[in-house]
Amino acid sequence: MSDRIKAARRNVSRNEGLIFEKSAPGKRGVELPPLDVPAVDARKLLGTDYVRDGVEGLPEVSEIEVIRHFTRLSTWNYAIDLGMYPLGSCTMKYNPRVNEFVARLDGIATEHPYQPQELSQGCLKILATLRQCLLEITGMDAATLQPAAGAQGELTGLLLIRAYLASRGNPRKKVLIPDSAHGTNPATVVIAGYDVENIRSDARGQLDIARLKELVTDDVAALMVTNPSTLGTFEPRIAEAAEVLHSRGALLYMDGANMNALAGVTRPGDFGVDVMHLNLHKTFSTPHGGGGPGAGPVLVKKHLEPFLPIPVLTERDGRLVLDAHRPQSIGRVRAFAGNFGVLVRALAYTLAYGAGIRQATEDAVVNANYIRKRLEDVYELPYDSPSMHEVVFSDARQKKFGVNTMDIAKRLIDYGFHPYTTAFPLIVPGALMIEPTESESKEECDLFVDAMRSIAEEAAMEPELVKTAPHSTRVGRLDEVGAARRPVLRWKAKSSAEAAD
């Protein structure tokens with residue numbers, strides 16, 4: 001073959017350059033029509049201090065180069081449409097396409113949050129219907145859909161507790177948190193103006209009721225409990241814990257991030273919870289991650305209803321209105337009535353399932369226990385309490401060969417799976433936290449189990465293979481400590497002199 005002839009490469013490049021590197025002077029991806037209004041001198045209109053001579057440093061590329069560049073980059077992403085996300089405690093379930101269809105309907109996607117309420121009755125009806133569904137699922141009495149995420153829901157819930165207790169003469173000083181709770185809980189407590197007091201779990205990884213009785217004093221505002229806990233197990237004495245708190249005038253806050261294990265089966269309001277939040281991206285299938293809009297509705301019992309953030313959706317003279325005249329309200333926590341498009345998707349999911357939402361819960365629990373049973377002979381199971389929607393192993397057996405949970409997670413990438421949650425919950429050293437959700441079939445769970453069993457064998461026979469993974473990715477193992485301490489957050493174009501060199 002002639003040296004002048006080069007082999008053709010694949011259409012999708014594994015080594016896509018930066019968009020800036022495709023730039024060449026004069027290229028453009030738009031063609032503006034001629035002005036159909038008189039030209040205006042911007043300097044005279046705005047002043048010379050506010051008008052640039054030009055914009056430098058932006059890439060000059062054609063439309064097809066932009067399209068191909070970002071399409072190629074999109075093929076590098078791992079997505080729920082491609083495979084399983086076994087991230088524990090994050091519930092990365094599939095987002096049904098019907099949700100997206102409904103959210104894009106005319107009259108839903110096109111409505112403006114500032115339009116008069118008399119023109120928004122349909123949208124307000126959507127919010128009212130979703131609220132009613134969530135109240136029925138959780139057994140609570142009232143709700144706000146405003147919070148933009150679970151973490152903001154936590155803060156809203158604690159502010160409601162503070163307002164309620166203050167109205168009774170004493171907001172109190174501290175909040176109790178079990179060591180099996182979600183990591184955002186302590187930070188939320190501090191932001192809400194309370195001190196944190198930790199409660200160590202008992203030998204089974206569950207809430208220690210005897211210790212709780214000792215700690216609940218007149219200074220305690222609430223217990224903030226994740227249920228099921230981050231160990232993936234249900235708190236069997238949660239109703240008793242509620243009684244202990246209520247007997248001393250304290251409240252029970254439930255982090256509802258793991259509601260995917262309870263929906264349609266049991267209701268927090270029935271076992272003593274006073275206030276809780278839901279993560280709609282977890283239990284109700286709205287898009288998750290990427291910095292996009294979220295939703296973390298807060299649900300309360302009747303005694304906390306007067307303190308809900310404004311505006312409160314209510315009915316007046318046969319019409320739905322957003323009532324901002326609530327003298328005991330903690331105020332507004334979110335612009336408008338929340339992230340409406342996310343709330344629409346959650347309602348579409350809920351109505352599509354109907355009573356079948358219980359089946360989704362049961363399928364999630366079955367999948368987690370199936371994976372637990374198939375892996376418990378090769379990975380350490382630190383607690384033997386029954387698993388709910390997720391299972392937590394540890395790397396104790398693999399550490400004998402110098403392999404840890406992060407190594408196993410990196411090696412899992414070579415098998416085509418997104419890693420599970422590593423090193424969390426902190427109550428389990430070297431944790432492997434796995435949640436398959438109800439989205440996954442037995443075939444997909446089997447593929448995941450086969451990969452995990454294969455990695456366990458590699459850890460014993462070829463530990464260096466696991467410790468140096470991944471091997472099939474575009475880049476090898478990254479220096480994560482260095483990236484965290486010395487991040488490079490932007491790309492800077494070379495000057496003309498640098499480019500010449």
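Predicted model: local features only at pLDDT ≥ 70, side-chain atom pairs only at ≥ 80, totals over all residues.
Reader: Give me one. What sort of pair do Phe284 and Tyr349 form?
Author: Phe284 and Tyr349 form an edge-to-face pair, with 90 degrees between the planes and 6.4 Å centre to centre.

Reader: And where do those two lie?
Author: Phe284 is in the loop between helix H9 (280-283) and strand E7 (298-300), while Tyr349 is in helix H10 (residues 340-353). The two parts are 65 residues apart in sequence, so the pair ties them together.

Reader: Is Phe284 buried or exposed?
Author: Phe284 is buried, at a relative accessible area of 0%. Tyr349 is buried as well, at 4%.

Reader: Why does 4% count as buried for Tyr349?
Author: Because buried means under 20% relative accessible area, and Tyr349 has 4%.

Reader: Which cluster includes Phe284?
Author: Ring pairs link Phe284 and Tyr349 with Tyr353 into a cluster.

Reader: Another pair, then. Why is the one between Tyr379 and Phe393 called tilted?
Author: The planes of Tyr379 and Phe393 are at 50 degrees, so the pair is tilted; the ring centres are 6.2 Å apart.

Reader: Where are they in the chain?
Author: Tyr379 sits in the loop between helix H11 (357-375) and strand E10 (391-394), and Phe393 sits in strand E10. They are 14 residues apart, and the pair links distant parts of the chain.

Reader: Buried or exposed?
Author: Tyr379 is buried, with a relative accessible area of 0%. Phe393 counts as buried at 0% too.

Reader: New topic: what lies over the face of Tyr194?
Author: Arg162 does, at 4.3 Å from the ring centre.

Conventions. Residues numbered from 1 in each chain as written. Heavy atoms only, no water. Phe/Tyr/Trp six-rings, centres within 6.5 Å; stacked < 30°, edge-to-face > 60°. Helix = DSSP H or I, 4+ residues; strand = E, 2+ residues; numbered from the N terminus. Buried < 20%, exposed > 50% of the residue type's maximum accessible area, 1.4 Å probe, protein only. Lys NZ or Arg CZ within 6 Å of the ring centre and 35° of its normal.
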